[in-house]
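This report describes one structure for a reader who has not seen it before. Please look at the sequence and the model first.

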Amino acid sequence: MLEKNKGKPTYFKLFASTFMLSALTIGGGYVMISLMKERFVDKLKWMSTDELTELIALGQSSPGAMIINSAVLMGYRLMGFGGALCTLFGTVLPPLIILSVVSVFYEMIRDNRFVSAAFRGMQAGITAVIADIVVSMAAPYMKKESAPYIAIMVGAFVAAWFFNVNVAFVILACGILGVLLGLLKKKRGKSL
Amino acid sequence: MILLKLFLSFCTIGALAFGGGYAALPLIQEQCVELNHWLTMSEFSDLLTISQITPGPIAINSASFVGMKVAGFAGAVVATLGFTLPPFIIVSFLFWVFKRYGELPVMQDILSGLKPAVVGLITVAAVNVMVEALWGNGAVLLSSTDFFAAGLALLAFIALRLKKIGAMATILLCGAVGVLWQLITPFIV
């Protein structure tokens with residue numbers, strides 16, 4: 001754990017933080033991951049990037065929306081079942097409320113020229129934000145002894161992007177590869 | 001018993017949607033368009049457009065949109081709860097397993113395989129958005145590249161890397177630049 005905890009997590013802080021992040025996150029789950037990293041890792045220092053990646057990995061292995069699963073796991077990790085409920089409702093309420101309102105007059109929004117112009121610009125921003133989190137998360141692997149894990153990273157990308165393999169299968173295969181690599185490591189002694 | 005029907009339909013989607021939002025789309029289409037006729041195909045594609053410009057996971061957006069249309073706000077709440085319940089139970093179980101057996105070497109090995117995979121999968125999302133931003137629905141060719149979007153994305157990336165700006169500010173600022181660009185292009189082109 002990190003020694004410098006900036007304030008202890010409370011139910012209210014968990015709910016309020018995830019509510020804010022969820023309300024502002026346009027561009028899908030991975031943008032929210034970037035925001036969660038900024039807030040919970042960089043600013044509040046409640047967990048490390050590695051722990052966050054771990055939670056996302058678990059969240060990705062369950063059905064449902066990856067980001068809700070990851071937020072729930074983060075709630076559990078920080079404050080148990082009550083924390084999980086706080087992050088669940090914090091993540092779910094904003095889209096529920098916004099969509100309920102928008103569904104009434106969506107045609108106006110859909111066909112608005114400025115909305116689509118703003119959306120085009122935002123997509124460029126979203127590209128940058130997700131690329132940034134990829135660089136942050138990949139950085140720890142950029143050393144020689146991590147070569148097999150870099151191979152997993154590239155393999156997962158190739159499978160999902162070029163071959164459209166379902167994410168669930170990619171996760172399953174990479175979990176198995178992780179175990180095999182572990183066995184190989186044990187056989188060869190410490191280094192790999 | 002339309003509320004119960006909504007709840008159960010979205011429970012099914014939530015329980016079967018392995019692999020994230022885009023994996024859930026065919027399930028949503030099947031439940032909402034084909035089986036229950038809550039949406040027409042064109043409303044379904046509207047829903048996809050709206051999901052892109054509003055916050056939140058696409059499945060939650062769908063649940064709220066469909067629920068609202070079929071049974072008002074109560075419908076939206078019930079459908080959303082239905083979608084979140086099965087994953088919540090599964091994730092709770094996973095967390096319990098992880099807490100209890102997380103220290104076991106085999107669990108650590110599994111995670112050591114999953115973590116780089118997650119980075120690879122996030123890269124997929126990055127490339128997807130990039131293609132959408134730079135080429136729209138057209139072919140990925142140099143001549144059809146949207147250089148405005150490419151330049152904006154590059155600038156934003158540099159600013160983010162230098163820690164000059166937060167993620168949300170970046171996205172909002174880029175949106176504002178997009179609107180500004182729309183306003184001034186008639187005068188310079």
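**Chain A**

The model is predicted. For chain A the average pLDDT is 87, and 95% of its residues score at least 70. Of the elements of this chain, helix α4 (residues 66–102) has the highest mean pLDDT, 94, whereas helix α5 (residues 106–110) has the lowest, 75.

Chain A contains eight helices and zero strands. Its C-alpha trace spans about 65 × 40 × 25 Å along the principal axes. The chain has 192 residues, and 51% of them are buried. When contacts in chain A between residues at least 6 apart in sequence are considered, 53% join residues at least 24 apart.

**Helix α3 of chain A**

Nine of the 12 residues of α3(A) are buried, which leaves the helix mostly covered. The buried residues include A:Leu52, A:Leu55, A:Ile56 and A:Leu58, and also A:Glu54 and A:Gln60. Their cover comes from both chains: it includes α2 (29–43), α4, α6 (113–138) and α8 (167–187) of chain A, along with α4 and α5 of chain B.

| Helix | Residues | Length | First to last C-alpha | Expected span |
|---|---|---|---|---|
| α3(A) | 49–60 | 12 residues | 16 Å | 16 Å |
| α1(B) | 2–16 | 15 residues | 21 Å | 21 Å |

In α1(B), the buried residues are B:Leu6, B:Phe7, B:Ser9, B:Phe10, B:Ile13 and B:Gly14. An α-helix has 3.6 residues a turn, so residues three or four places apart point the same way.

Chain B is split into domain 1 (2–101) and domain 2 (105–188). The C-alpha centres of these two domains of chain B are 26 Å apart.

Between the chains, 84 residues of chain B are in contact with 89 residues of chain A. On the chain B side, the elements that give two or more residues are α1, α2 (21–35), α3 (41–53), α4 (58–101), α5 (105–135), α6 (147–161) and α7 (167–188). The largest share comes from α5(B), with 25 residues. Sorted by class, the side of chain B that touches chain A has 57 nonpolar, 21 polar and six charged residues.

Technical notes
Residues numbered from 1 in each chain as written. Chains lettered and ligands numbered in written order. Predicted model: local features only at pLDDT ≥ 70, side-chain atom pairs only at ≥ 80, totals over all residues. Helix = DSSP H or I, 4+ residues; strand = E, 2+ residues; numbered from the N terminus. Expected span 1.5 Å × (residues − 1). Buried ≥ 20, exposed ≤ 12 C-beta atoms within 10 Å, placed from the backbone. pLDDT = per-residue confidence, 0-100. Domains from an automatic or database assignment. Contact = placed C-beta atoms within 7 Å. Nonpolar A, V, L, I, M, F, W, Y, C, P; charged D, E, K, R; others polar.
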